[in-house]
Amino acid sequence: MTRNKTTAAARTHQATGARLDPASLPVRPGEDAWTAEEVLELQTELDAEAAELRAEITTSEEAVSGLMRDSGDGAGDDQVDAGTKNISREHELSLAANARDMLAQTERALLRIASSSFGLCESCGKAIGKARVQAFPRATLCVECKQKQERRY
């Protein structure tokens, strides 16, 4: 059940080539405009992360597949052995799910770079802030909106 296939988001990113004018990306007052080098650096970082996450997903899914195959071999296992196998299987499933979520966020960030929505808060529509986006390229909310969101939970 490996997912080495390129997702729709990644295909769109690859097709657009992210040819957006970096200077048109939003910044907060007092911040310098984006440069082509800075945008390319973010894209390169995100592309590398996406590749790592795809490899992580493949590894986790192969481990889960192996654990599922081995689950029938435990006819003589005691409760501790069976419990350990279940915990290992759940751990690998959790790792794969987390990696898939991170991959989706990373591909979404790549799409946002290729469009005019990169750097804009999805809640209030204001600039997220260049420094925040450079530190966390998958950010979709400005600091203020993120704080409001976290207070609700």
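So, aromatic pairs: there is 1 in this structure. Rings of Phe, Tyr and Trp (for Trp, the six-membered ring) pair if their centres lie within 6.5 Å; planes under 30 degrees apart count as stacked, over 60 as edge-to-face, and the rest as tilted.

Quick word on what we're looking at. This is a predicted model, where local features need pLDDT of at least 70 and side-chain atom pairs count only at pLDDT 80 or more, while totals for chains, interfaces and linings use all residues. Residues are numbered from 1 along each chain as its sequence is written, and side-chain values use heavy atoms, with hydrogens and water left out.

Okay, the overall layout. The chain has 5 helices and 0 strands, and along the sequence that reads α-α-α-α-α. Helices here are DSSP runs of H or I with at least four residues, strands are runs of E with at least two, and both are numbered from the N terminus.

How much of the chain is buried? Of its 153 residues, 31% count as buried. Buried means under 20% relative accessible area, exposed means over 50%, and partly exposed is in between, with a 1.4 Å probe and protein chains only. The accessible surface comes to about 9400 Å², and 53% of that belongs to carbon and sulfur atoms. Those areas come from the Shrake-Rupley method with a 1.4 Å probe; for residues, only the protein chains shown count as cover.

One more thing about the whole chain. Take the contacts, meaning heavy atoms within 4.5 Å, between residues at least 6 apart in sequence: 63% of them join residues at least 24 apart.

Now let's go inside. A nonpolar core is a set of buried Ala, Val, Leu, Ile, Met, Phe, Trp, Tyr and Cys residues joined through side-chain atoms within 4.5 Å. The largest one here has 16 residues, and W34, L42, I113, F118, C121 and V133 have the most contacts inside it. Which elements give two or more residues to this core? Those are helix 2 (36–70) and helix 3 (79–113). Apart from that core lies another one, of 5 residues, including A50, L53, I57 and L103.

Let's stay with W34 for a moment. Not counting residues up to four places away in sequence, W34 touches P22, A23, L25, P26, V27, V39, L42, F118, K130, V133 and Q134. Look at K130 in that list: its charged end sits over the ring of W34, 5.5 Å from the ring's centre. For a charge to sit over a ring, NZ of Lys or CZ of Arg has to be within 6 Å of the ring centre and within 35 degrees of the ring normal.

V133 is found in helix 4, and at 1% relative accessibility it counts as buried. Leaving aside neighbours within four places in sequence, V133 is in contact with W34, L42, F118, G119 and I128. Have a look at V133 and L42: they are 91 residues apart in sequence, but their C-alpha atoms are 9.0 Å apart in space.

R138 pairs with E49, with the closest N and O atoms 2.4 Å apart. This pair links distant parts of the chain: R138 is in the loop between helix 4 (130–135) and helix 5 (143–152), E49 is in helix 2, and they are 89 residues apart. R138 is buried, at 13% relative accessible area.

Next, R100 with E61, at 2.8 Å between the closest N and O atoms. R100 lies in helix 3 and E61 in helix 2, so this bridge ties together parts that are 39 residues apart in sequence. Is each partner buried or partly exposed? R100 is partly exposed at 29%, whereas E61 is buried at 9%.

Then there's R112 with E122, 3.0 Å from N to O. R112 lies in helix 3 and E122 in the loop between helix 3 and helix 4, so the two tie together parts that are 10 residues apart in sequence. Salt bridges that share partners join R108, R112 and E122 into one network. E122 is partly exposed at 41%, while R112 is buried at 8%.

What else does R112 touch? Leaving aside neighbours within four places, its contacts are S117, F118, G119, L120, E122, I128, A139 and T140. As for T140, it is 28 residues from R112 along the chain, and their C-alpha atoms are separated by 9.3 Å.

Notes:
Salt bridge = Lys/Arg side-chain N within 4 Å of Asp/Glu carboxyl O.
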